Amino acid sequence: MAAAALSAAAFAEDTIKIGEYASLTGKEAAFGQSSHKGTLLAVEELNAAGGVLGRQIELVTEDDQTKQGESATIVKKLISREKVVGILGEVASMRSLEAAPICQAYRTPMISPSSTNPKVTEIGNYIFRVCFIDPFQGTVMAKFAKETLNLRRVALLTSVSSAYSVGLAKYFKERFVADGGEIVIEQKYTEGDKDFNAQLTAIKAAGVDGIFVPGYYTEAALICRQARELEMTMPLFGGDGWEAPELIAIGGSAVEGCYYSTHYSPQVDTPAVRAFVAKFQARFDGETPDAMAALGYDSAKVMVDAIRRAGSTDGPAIRDALAATKDFEGVTGSTTMDKNRNATKAAVVIMVKDGKFKFVQSVAP
Ligand code: PHE
């Protein structure tokens with residue numbers, strides 16, 4: 001113990017510190033743990049290959065416990081106390097929106113691996129992401145609902161306390177209606193709710209042939225269960241917030257035949273994905289990496305590539321290099337930062353089948 005602490009302290013002297021904030025515990029722990037593993041794997045690989053600018057990289061990780069208010073506090077600490085040169089996080093848009101103004105004020109570049117709400121990078125020119133944004137994801141699911149599932153009359157069930165959910169509902173609706181579909185009824189809930197019977201009863205009475213639930217996995221799984229208990233048999237579908245093993249653990253047979261869109265599937269057979277899955281499984285007890293893990297991995301690689309090109313650990317220099325990121329090949333595709341500091345990437349649609357996530361289709365941007 002003492003020896004380990006001593007060597008860590010000695011090591012800390014000449015490392016380049018990168019901060020990470022994630023929901024490692026609490027309601028959305030599945031997201032944070034997954035992205036953290038991907039990030040950690042990337043940093044370990046980079047260090048094994050010599051680090052960056054002749055120094056080793058030290059990943060300083062803080063747990064925001066999925067709690068409101070916590071992200072801002074820990075990001076402040078990462079910047080002012082730990083002196084990190086860049087920040088990776090958060091998975092969820094609402095927590096990225098909380099911490100991004102701090103990164104912007106301190107001129108510390110931040111990359112969100114997976115926050116898809118457009119507002120996140122609008123906070124300022126130090127805020128980046130390596131994933132697509134929700135206007136695209138909403139379009140993908142609206143087209144899938146209309147063309148593949150043949151749905152015409154859809155209900156929306158939105159989490160009003162989540163910027164991600166509100167945004168995705170809006171973009172889905174715009175596209176679905178523009179394509180001639182009808183949003184027959186809109187119902188709301190709040191993060192952490194457990195009983196959705198009132199909303200589902202209203203939806204049942206309205207008579208719809210599908211329900212779009214742009215929320216996170218815990219509520220999505222409970223909503224599917226309660227819908228089936230009310231003998232509602234229509235498909236339920238959502239976005240990337242559905243992706244966690246808990247969706248199936250909580251939802252059981254009620255999530256069979258449900259769909260969601262996300263950023264990557266381990267079942268897509270490309271050399272980059274195959275290599276990543278093999279390395280991840282070797283490092284983490286055979287666990288198969290999900291989209292958050294893949295995006296966490298890519299976010300760290302993109303940050304370190306920018307530090308290398310900047311030839312410096314100064315915030316403004318790293319920022320400029322990040323803004324110039326072009327054709328960076330990662331696991332989730334190629335990252336080029338557009339003028340709004342967003343990446344453009346393909347989406348995949350996943351289905352729950354026989355208690356497993358099954359790749360359905362890839363949708364190009
Ligand atoms: N896109 C979601 C958000 O912005 C977070 C998320 C990303 C969830 C990837 C699952 C997978 O809030």
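## Close-up views of a predicted model

**Figure 1. Helix α2 passes α12 in a right-handed crossing.** Welcome to the first stop in this predicted model. Helix α2 covers residues 29-48, and its axis runs 7 Å from that of α12 at an angle of about 40°. The two helices are therefore oblique to each other. On the α2 side, the contact is made by F31, S34, S35, G38, T39, L41, A42, V43, E45 and L46. Facing them from α12 are M292, A293, G296, Y297, S299, A300, K301 and V304. Sorted by class, the residues of this contact comprise 10 nonpolar, six polar and two charged.

**Figure 2. Helix α12 also packs against helix α13, with an angle of about 115° between them.** Here α12 spans residues 291-310 and α13 spans residues 315-323, and their axes are 8 Å apart. That angle makes α12 roughly perpendicular to α13. The crossing of α12 and α13 is right-handed. The contact of α12 with α13 counts nine nonpolar residues and one charged residue, with no polar ones.

**Figure 3. Helices α3 and α4 pack with their axes 8 Å apart.** Helix α3 is made of residues 70-80 and helix α4 of residues 93-106, and the angle between the two is about 30°. An angle under 35 degrees counts as roughly parallel, and α3 and α4 are therefore described that way. Their crossing is right-handed. From α3, the residues in contact are E70, S71, A72, V75, K76 and I79. From α4, they are R95, E98, A99, I102, C103 and Y106. Seven of the residues in the contact of α3 with α4 are nonpolar, one is polar and four are charged.

**Figure 4. The ligand is surrounded by 13 residues.** The closest are S93, T116, Y216, D240 and M292. For S93, a side-chain N or O atom is 2.5 Å from a ligand oxygen. For Y216, a polar atom of the side chain lies 2.5 Å from an oxygen atom of the ligand. The backbone takes part as well: a polar backbone atom of S114 is 2.9 Å from a nitrogen atom of the ligand.

**Figure 5. A cis peptide bond links G89 to E90.** Its omega is near -20°.

**Figure 6. E231 has a positive phi, near 60°.** This residue is not a glycine, and E231 is found in the loop between α9 and β9. In that part of the chain, α9 covers residues 217-229 and β9 covers residues 236-238.

Technical notes
Residues are numbered from 1 along each chain as its sequence is written. This is a predicted model: local features need pLDDT of at least 70, side-chain atom pairs count only at pLDDT 80 or more; totals for chains, interfaces and linings use all residues. Side-chain values use heavy atoms; hydrogens and water are left out. Axes are lines fitted to C-alpha atoms, for helices over the stretch in contact, and angles run from 0 to 180 degrees between N-to-C directions. Helices (H or I, at least four residues) and strands (E, at least two) are DSSP runs, numbered from the N terminus. Angles under 35 degrees count as roughly parallel, over 145 as roughly antiparallel, 65 to 115 as roughly perpendicular and the rest as oblique. A crossing is left-handed if the near helix is turned anticlockwise from the far one by less than a right angle, and right-handed if clockwise. Contact means heavy atoms within 4.5 Å. Ala, Val, Leu, Ile, Met, Phe, Trp, Tyr, Cys and Pro count as nonpolar, Asp, Glu, Lys and Arg as charged, and the others, Gly among them, as polar. A residue is near a molecule or strand if one of its heavy atoms lies within 4 Å of it. A polar contact is a pair of N or O atoms within 3.5 Å; within protein, one must be able to donate a hydrogen and the other to accept it, and residues adjacent in sequence count only if both atoms are side-chain atoms.
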